[in-house]
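Trainee: I am new to this structure and would like to know how its features get their labels. Please show it to me and go through the terms one by one.

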Amino acid sequence: MSMKRTFGLALATMMFSTPMVAMSETGSNWLQLKNRLRFEYDDNIYERGSDKTDSLKIIVQPEFHVNLGLQDATFLGLRYRPSFFYWADREPDDTDWHHDFDIVLNHKFAPRTTLGLKNTLRYAERPELVDRDVRVQSSADYLLNSTDGNLEHFLTPAVFTRVGGRYTILRFDDDALAKTDDYDVIAAGLTVGFKPAPASTVFADYRYEETSYDLSTRGSESHFLGVGLEQTFNPALIGTFRAGWQNKSFDNPSISDADDPYFDASVTFLPSPRTRITTGVGYSMTEADVFPFASQDRLQFFASVSHDLTAKIGLNLAGAYQKGEYKGSQVIISEDGKTFPDGEEEIVQLSGRVSYMINRSNWIELGYQYVDLSSDFRENFDRNRISVGWRTSL
């Protein structure tokens, strides 16, 4: 792509974001408008181990927030973020559109009874390997929708119950991929909790989860029974821990039931008003990212640091590690009787961002992202992305 065309497209994207400024001048507190414009260099756009193709790209991400307090007992929040990607050297399609739409509704029926609902909709064209909201890893267009709800009631000021449910669907546009990877997840649970002190909450819960694929022999059912603790040790240190036992049965009669412990823990530490550190770990049996496996044992670590170097300069660092273990005994046997050995897959993600605040509404950002996939079943690769951009919030 010529430099003239690059400049012309950049000018168009900046003009696209300009009307947001005019709109905000007549807006009120219930409406918030944001926009991000980034120029990025990507050294491996097809996620290959060899014969890598690099490209410059332009990313435009306007974001619209509506927050409504409907009387004193009800809150409604809406968020919509379309994302436009233009690639200078990607064939045959040089553009992508992604759409994120969230709805949050909270209602207090009485001082001790509250209802919370959330719906998350994602549509992406040729998504990245790892998305922070979903586990989609196939390079194909998809739609994901997840609806969560919970009703919480305090029996006494210290004892509460919570009933919750979730329904998630994943749909791929590609017919061949849809046959093996489209799924529905139905989950429900009951939690009983006790607050022995204002800063402490202990609880026990039971959860049920059913995963159904278009390929019926890939489905499964899981039962979870566990306990947990939420503790504010002091204003600068907050921790959450959950652990229990999971039983998983498979729709494929040739795969035996599995039993495993599960756990997750996270800690947030604020050593100073300018610094925030969050770290966590988790382990459970979950849906497999690699076909034809019916399940995987997944271990995850993550950590992030946010620090204000000065009143205008902010630094954000994040890292994550994921290891999925796959068992040959949990493979959906193909018609030709092909078998698979045990194996594993590791994903490492690193990112960093430095932002400079021009004024209360505008920032300049410099970012870096790194992904490395090491797999016994798929092509290994690593990927680096460097970007510079402008962010505005009104």
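Mentor: Take the salt bridge to begin with: a side-chain nitrogen of Lys or Arg within 4 Å of a carboxyl oxygen of Asp or Glu. The model is predicted, so local features need pLDDT of at least 70 and side-chain atom pairs count only at pLDDT 80 or more, while totals for chains, interfaces and linings use all residues. Residues are numbered from 1 along each chain as its sequence is written, and side-chain values use heavy atoms, with hydrogens and water left out.

Trainee: What makes the contact of Lys 323 and Glu 344 a salt bridge?

Mentor: The N to O distance is 3.5 Å, and the limit is within 4 Å, so the pair is called a salt bridge. The two residues are 21 apart, with Lys 323 in strand S15 (residues 313-326) and Glu 344 in strand S16 (residues 343-359). Strands here are DSSP runs (E, at least two residues), numbered from the N terminus.

Trainee: Why is Glu 344 called partly exposed?

Mentor: Buried means under 20% relative accessible area, exposed over 50%, and partly exposed in between (1.4 Å probe, protein chains only). Glu 344 has 29% relative accessibility, so it counts as partly exposed.

Trainee: How do you know that Asp 96 and Arg 90 form a salt bridge?

Mentor: Their closest N and O atoms are 2.8 Å apart. That value is within 4 Å, therefore the label applies. Asp 96 has 1% relative accessibility, so it counts as buried. Arg 90, at 3%, also counts as buried.

Trainee: Why do Arg 122 and Asp 100 count as a salt bridge?

Mentor: Their N to O distance is 3.9 Å, which is within 4 Å, so the pair qualifies. Arg 122 is in strand S5 (residues 113-124) and Asp 100 in strand S4 (residues 95-110), 22 residues apart. Arg 122 is buried, because its relative accessible area is 6%. Asp 100 is buried as well, at 9%.

Trainee: Which peptide bonds are called cis here?

Mentor: One runs from Glu 91 to Pro 92, with omega near 0°. Pro 92 is in the loop between strand S3 (74-87) and S4. Another joins Phe 291 and Pro 292, with omega about 15°. Pro 292 lies in the loop between strand S13 (275-286) and S14.

Trainee: What makes a cavity a cavity here?

Mentor: On a 1 Å grid over the protein atoms alone, a cavity is a set of points where a 1.4 Å probe fits but cannot get out, whereas a pocket is an open set with protein on both sides within 12 Å along at least five of seven lines; lining residues have an atom within 4 Å of a point. The search of the whole structure finds two cavities of 30 Å³ or more.

Trainee: How much space lies in the second largest pocket?

Mentor: About 240 Å³. Grid points are joined across faces, edges and corners, and a volume is the space filled by probe spheres set on the points. Of its 17 lining residues, the closest to the centre are Asp 308, Gly 314, Leu 315, Asn 316 and Ser 355. S15 gives the most to this lining, with four residues.
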